[in-house]
Each structure stands twice: as structure tokens, then as C-alpha cells.
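Please look at the sequence and the structure shown below.

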Amino acid sequence: METSGTVMLPPAQDEKFMVVGGGGIGESIKSSKKTRIIDLTADSPHFTDGPQLEEGPRYPELSILHDDTLLITGGDQDYRGPSAESILQARIYDAKTGEMRRMAPEVGRNYRSGSILLPDGWVITFGGDSLFADKAKTKPGVFE
Amino acid sequence: MYGIANKLGLDKKDFQGIHDAYEFDPRTEKFTKVAPMNEARWYPTLTRLSDGRVLALSGLDDIGQVVPGKSEIYDSKTRTWTYSGKVRQFPTYPAVFHCPTAPSSTPAPTLATAPTTSAAPRASVGSPPTSSPSCPAWTTQA
């Protein structure tokens with residue numbers, strides 16, 4: 001569950017939680033495509049597999065939308081988003097049906113970025129930058 | 001020309017948590033410093049309780065070790081932090097939620113957590129615990 005995302009699924013009264021993605025501990029190239037769901041109102045709560053993702057996101061952004069669906073965006077397949085492993089996919093999960101569908105936008109957000117549902121229904125995603133993806137800034141400098 | 005700088009790299013640094021706490025006012029977009037936390041915490045998990053208080057858990061202390069289980073609660077009326085009185089060690093970055101049916105006035109709120117294992121050395125404390133209103137004790141879920 002390292003670097004995974006966790007969200008209380010709507011409606012909150014159902015007390016269902018989803019864990020999305022994550023990866024190995026520390027410097028690890030492992031990342032998980034899984035989603036896992038737990039129902040705390042069950043007699044003996046336990047995690048079960050939810051729909052699988054195509055690429056395993058660390059640091060996924062999870063936003064609950066106005067229609068009680070969950071928007072999953074961004075994330076990175078490597079620890080701390082070192083270069084260009086940003087996940088350019090977005091999905092919507094519907095807790096009522098248990099189904100997930102791919103959305104069009106390609107948003108590259110990786111290490112510890114965020115997303116928030118705005119009052120007018122738009123979602124803002126922000127932050128995140130690969131440590132070494134920007135080649136212009138990683139070239140050794142030349143002193144004159 | 002001559003210069004000295006710390007080595008740049010991906011190596012883990014010795015994290016140093018600090019005690020500082022601020023309130024943010026979205027209208028004025030200003031931060032106001034409030035009373036410091038009892039514990040220094042790098043990356044604490046903050047959870048808003050239903051009565052408006054805020055619970056601080058986990059984080060790395062001023063020498064980079066995971067805070068050993070002491071949690072504290074911020075009260076915006078007094079702008080001070082008080083230990084919750086409950087001690088339970090969480091790994092770094094626990095994801096913590098206030099259970100919808102939990103009573104709000106108790107000093108130790110009912111929480112559900114799905115913590116990550118630790119990103120910091122020697123910080124892992126075992127399996128993720130979960131507590132539900134119908135099951136007030138902390139239990140580990142598969």
C-alpha cells in the first residue's frame with residue numbers, strides 16, 4: 001500500500017473504502033494496478049479486489065464528483081516520479097455499479113500532486129513534477 | 001571561482017520534523033502561526049473531526065524517526081494542541097478517515113485507516129489496522 005491512494009467511497013454512510021495503486025517500499029520499481037475495497041459495516045470486514053487499472057499508479061489523485069462517482073487521475077509508475085513515468089490516463093469509478101470506465105483526458109501529474117472538485121463541477125489537478133524529466137535543467141552546466 | 005554546496009542526489013536525507021502549526025484563512029489568503037504541536041512532525045496526517053477539531057497522527061520527529069504513537073488534537077477555539085491520551089504507532093502517511101457513525105465528542109474518535117507501509121527507514125510497524133464503529137477495537141484486516 002506504499003504510496004497508494006485511499007478514499008471513502010460515496011455515499012459516506014456505506015462506510016466503504018477504496019485503496020488505489022501503490023507500490024513497493026522505498027526505492028522500488030514495483031507498482032500495483034489493483035484497486036481494493038473494504039466494507040466496514042460488514043460483520044467481518046475484509047479487502048476484496050475492485051476493477052484493475054491498466055498502469056499501476058503511485059500517488060494517484062482521487063476526487064469524488066458531484067454525482068457520487070470517483071475520478072482517478074495522474075500518478076506515477078515509479079517511486080517519487082524520477083523521470084517520465086507519469087500515468088497519462090484518467091478513469092471514473094462508480095461505487096453503485098462497481099464499474100470503472102476510461103476517460104479521455106491525459107493529465108500528467110506524478111509525485112504528491114493533488115486534485116480538488118470545484119463548486120462548479122470542474123476538477124482542478126495541480127502540482128507534481130518529475131525529478132529528472134526536464135532535460136534542460138539536468139544538463140551539467142558550463143562555467144566560463 | 002570557488003564554491004561549496006551539499007551534494008545533490010536521490011539519497012535519502014535525514015528528515016527533520018518541526019513543531020510549527022498555522023491556520024489558513026481562505027478569505028485573506030494568509031497563514032497565522034498558532035501554538036506549536038507537542039511533537040515535531042514531518043508529513044503528519046491531519047484528520048478533521050466532526051466537531052471541527054483536527055487530529056494529528058504520525059510523521060517524522062526532529063531526528064527523523066517516526067513519532068512513537070503519540071497523537072494530538074488541535075482545537076481552533078483555544079488554538080492549542082493537546083495529546084489525545086491514546087498511544088498507537090502508525091507508519092508514515094496513514095490514510096485516516098472519521099467514521100460517519102462515530103460519536104463526535106469523544107476525545108479518541110473512531111477512525112478507519114489504511115496506512116501505507118513506511119517510506120522511511122525503520123519505520124514499518126506492521127499490518128494496517130482498521131477500526132469500525134461496530135468494532136471499536138483496532139483489528140487488522142486482510
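## A sheet in chain B

In what order do the 4 strands of the open sheet in chain B lie? The order is 3-4-5-6, and the pairing is antiparallel; strands here are DSSP runs (E, at least two residues), numbered from the N terminus, and two of them pair if DSSP finds at least two bridges between them. The edge strands, each of which pairs on one side only, are strand 3 (45–48) and strand 6 (80–87) of chain B.

Between strand 4 (residues 54–57) and strand 5 (residues 70–75) of chain B, which run antiparallel, there are 3 bridges, and B:Val54 has B:Tyr74 in strand 5 as its bridge partner. Strands of a sheet pair through backbone hydrogen bonds.

## How to read the model

This is a predicted model, in which local features need pLDDT of at least 70 and side-chain atom pairs count only at pLDDT 80 or more, while totals for chains, interfaces and linings use all residues. Residues are numbered from 1 along each chain as its sequence is written, chains are lettered from A and ligands numbered from 1 in the order in which they are written, and side-chain values use heavy atoms, with hydrogens and water left out.

## Salt bridges

Over all chains, the structure holds 10 salt bridges, a salt bridge being a side-chain nitrogen of Lys or Arg within 4 Å of a carboxyl oxygen of Asp or Glu. One of them joins the side chains of A:Asp49 and A:Arg36 (2.8 Å, N to O). Because A:Asp49 lies in strand 4 (residues 47–49) and A:Arg36 in strand 3 (residues 35–39) of chain A, the pair ties together parts that are 13 residues apart in sequence.

A:Asp49 counts as partly exposed, at 48% relative accessibility, and A:Arg36 counts as partly exposed at 28%; buried means under 20% relative accessible area, exposed over 50%, and partly exposed in between, with a 1.4 Å probe and protein chains only.

In chain B, the side chains of B:Lys70 and B:Glu39 meet in a salt bridge (4.0 Å, N to O). B:Lys70 lies in strand 5 and B:Glu39 in the loop between strand 2 (30–34) and strand 3 of chain B, so this pair ties together parts that are 31 residues apart in sequence. B:Lys70 is partly exposed at 38% relative accessibility, whereas B:Glu39, with a relative accessible area of 13%, is buried.
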